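Here's a quick walk through one protein model with its ligands. Have a look at the structure first, then read on.

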Amino acid sequence: MRVLLLSTPHPLEESPLPPLSLSYLAGVLRREGIEVRILDFLVTSYHPKKLRQELQEYRPQVVGATCVTLNYPIARRMLKVCKDFDSHITTVIGGPHVTFALEGTLLPSPWIDAIVIGEGENTLVELAKAAGENKDVHDVPGIAFADEGKVVKTAARGLIEDLDQLPFPARDLLPMARYRALDAPCTVITSRGCPYQCIFCSGRRMFGPKVRFRNPGLVVDEIEKLQHDFGLKRINIVDDTFTLNRRHAQAVCEEILRRSLNIKWSVFARVDNLDQELAQLMKRAGCEWVLFGVESGDEGILKTIKKGITPDEVRRGVKTAFEAGINVFNSFIMGLPGENPDTAMKSLAFGDELYKKYGAKYGFHMLSPLPGTELYEKAKEYGIRILSRNWARYNANEPITETPTMSRQMVREVMSIYDRGIEGAWDDIKRRAKEGDPECTQIMEVKERNEFVWTLFQQDAIEKLGKIPSAMAAHPLEAEAELVCRVSQKLGTDIQATRRWLGELLANGFLTLETTNSSLQWQWSETQALKQTNKATLAMSCSV
Ligand code: B12
Ligand code: SF4
């Protein structure tokens with residue numbers, strides 16, 4: 001039995017991170033002896049031809065795609081490519097969008113055989129086994145499928161009680177070198193579930209209100225393994241709210257400290273469950289950033305959305321993190337129920353106040369009413385007019401809703417004030433970088449380098465330009481020089497910068513060189529090759 005898992009592309013602005021969903025799913029499949037591959041389109045360009053090539057070569061019997069709302073339309077099309085390629089392939093899809101959009105997914109997409117509802121590990125294993133034994137996959141609990149124009153749900157599947165029974169995510173099947181080239185942190189989860197009831201969030205409905213915690217020792221084993229296997233120095237703990245259970249958060253931090261791990265990390269947390277002592281402990285254990293969902297500066301709106309916090313609690317939480325030396329990012333949503341120009345300006349002013357007082361950065365998303373949320377289900381009751389049903393526009397970067405007191409145009413106007421502030425801040429950083437300010441220079445360099453790496457991915461530049469005939473380059477150094485010229489010409493990037501950026505990728509072992517009789521071929525390293533190539537490439541690029 002061969003299973004192919006697909007991650008669906010989304011833009012660089014959405015900060016691609018190694019997908020935990022697919023690596024957990026691949027981990028359990030592999031443990032059951034099922035052959036599995038991940039084709040990760042988050043960090044390589046997507047083209048149906050590429051997908052067909054993979055299908056041709058790997059010949060999977062089951063293909064599974066993951067997506068959120070904004071990239072669901074692409075995931076749907078990818079599965080059509082698979083079904084058209086071979087109608088015997090069982091096509092499945094999962095994740096927080098389709099779980100709550102059964103009819104809308106299955107009825108117009110007859111090429112999708114099943115939706116895996118909610119937590120997917122056990123369901124996918126059973127489904128793959130059934131498909132392998134030519135049994136009817138429609139008997140597997142936890143799925144939905146279409147039958148004669150109707151959606152059928154099989155028996156409900158319970159949540160995994162003991163998360164410690166899950167193997168570590170199979171990140172070795174992900175193109176980790178590419179994520180590392182983007183300097184992305186690795187995602188780790190220490191608990192699943194959230195007891196709060198925020199009306200705009202589907203996270204809690206995916207994993208339920210009862211929080212299931214992993215053993216802190218195993219969590220830290222996993223972090224150590226990431227350091228060992230991939231040389232990772234930064235992770236992103238993606239629990240819905242890491243600080244929810246003080247004892248658990250404390251135990252994870254203490255274990256990191258006990259093993260003296262040199263790891264920097266960020267977390268999502270709530271302002272109302274971070275106290276001084278915990279914040280200090282987190283800081284000592286390497287926590288650099290905490291992201292708070294503040295959502296609004298208006299107390300009435302915070303009540304309506306059932307966030308369960310007040311602006312004063314936000315001030316206290318942000319101050320606590322600041323005093324512990326942890327950087328804060330406050331996330332706001334514009335266009336929530338009850339929004340009007342005054343509340344919108346209040347949110348802007350609140351973000352600004354916390355920035356000025358505590359250096360807390362902040363950002364705005366525009367409301368996307370996501371399937372599965374109370375806000376989506378009761379949009380009318382909450383006074384939300386949904387203006388678009390095109391899921392690709394549910395990217396939170398454009399207004400697709402209105403309230404009776406805040407039109408789409410008004411949302412745009414308020415957001416343009418925020419955008420101008422951001423542009424001004426960038427102009428300031430650019431100016432200071434030009435004047436030689438080291439911190440600003442570094443910020444600009446990271447930004448430009450990441451955009452360069454992203455363009456390499458998007459244009460498949462290494463794949464297309466990396467084959468250098470031996471006649472042109474007898475030595476790896478010549479092959480490197482040739483690659484620099486080709487990339488700089490193709491991407492229109494400055495030759496010096498290209499040399500430096502590509503040099504860094506080589507030095508870190510993200511790019512490797514394979515020699516055949518007739519050519520030298522640059523390629524993105526497979527994760528396994530990462531450590532072995534490190535030394536050789538470092539020496540090579542240092543002498544350039
Ligand atoms: C970490 C995180 C991110 C990270 C990294 C995402 C990544 N690539 O891993 C960052 C910060 C980049 C991010 C960005 C965004 N995120 Co986000 N994110 C999360 C968060 C907190 C955890 C996700 C996670 O790793 N969970 C752990 C894994 C194990 O769970 P999972 O992904 O759900 O996968 C399980 C099941 O869904 C299922 N499954 C999933 N896929 C598949 C596929 C198959 C074949 C099968 C069988 C099963 C299956 O099985 C998996 C294992 O149990 C969730 C909240 C949550 N509680 O899930 C929000 C969440 C997923 N994000 C959300 C959103 C909206 C976004 C953004 C669109 C933000 C925005 N601009 O508004 C972007 C989109 C980026 C993208 N396309 O992924 C929403 C998605 C809801 C929706 N319907 O779209 C969530 C649910 C939070 C919310 N607001 O309600 N996010
Ligand atoms: S927004 Fe955060 S606190 Fe609120 S329900 Fe979602 S995960 Fe829980």
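Predicted model: local features only at pLDDT ≥ 70, side-chain atom pairs only at ≥ 80, totals over all residues.

Let's start with ligand 1. It has 40 residues around it, and the closest are His10, Thr66, Thr69, Glu121 and Asp240. Sorted by class, that shell holds 19 nonpolar, 16 polar and five charged residues.

| Residue | Protein atom | Distance to a nitrogen atom of ligand 1 |
|---|---|---|
| Leucine 17 | backbone N or O | 3.3 Å |
| Threonine 69 | polar side-chain atom | 2.7 Å |
| Asparagine 71 | polar side-chain atom | 3.5 Å |

As for elements, helix H1 (20-31), strand S3 (62-66), helix H5 (121-132) and helix H7 (203-207) each give two or more residues to this shell. H1 gives the most, with four residues.

Three strands line up as S18-S20-S19 in an open, antiparallel arrangement. Strand S18 (467-469) and strand S19 (511-515) each have a single partner strand, so one side of each is left without a neighbour in the sheet. On average, neighbouring strands are turned by 20° against each other, direction ignored. S19 and strand S20 (residues 519-524) share five antiparallel bridges, and leucine 513 has tryptophan 522 in S20 as its bridge partner.

Technical notes:
Residues numbered from 1 in each chain as written. Chains lettered and ligands numbered in written order. Heavy atoms only, no water. Near = heavy atom within 4 Å. Polar contact = N/O pair within 3.5 Å; in protein donor to acceptor, adjacent residues only side chain to side chain. Nonpolar A, V, L, I, M, F, W, Y, C, P; charged D, E, K, R; others polar. Pairing = 2+ DSSP bridges. Axes fitted to C-alpha atoms, helices over the stretch in contact; angles between N-to-C directions.
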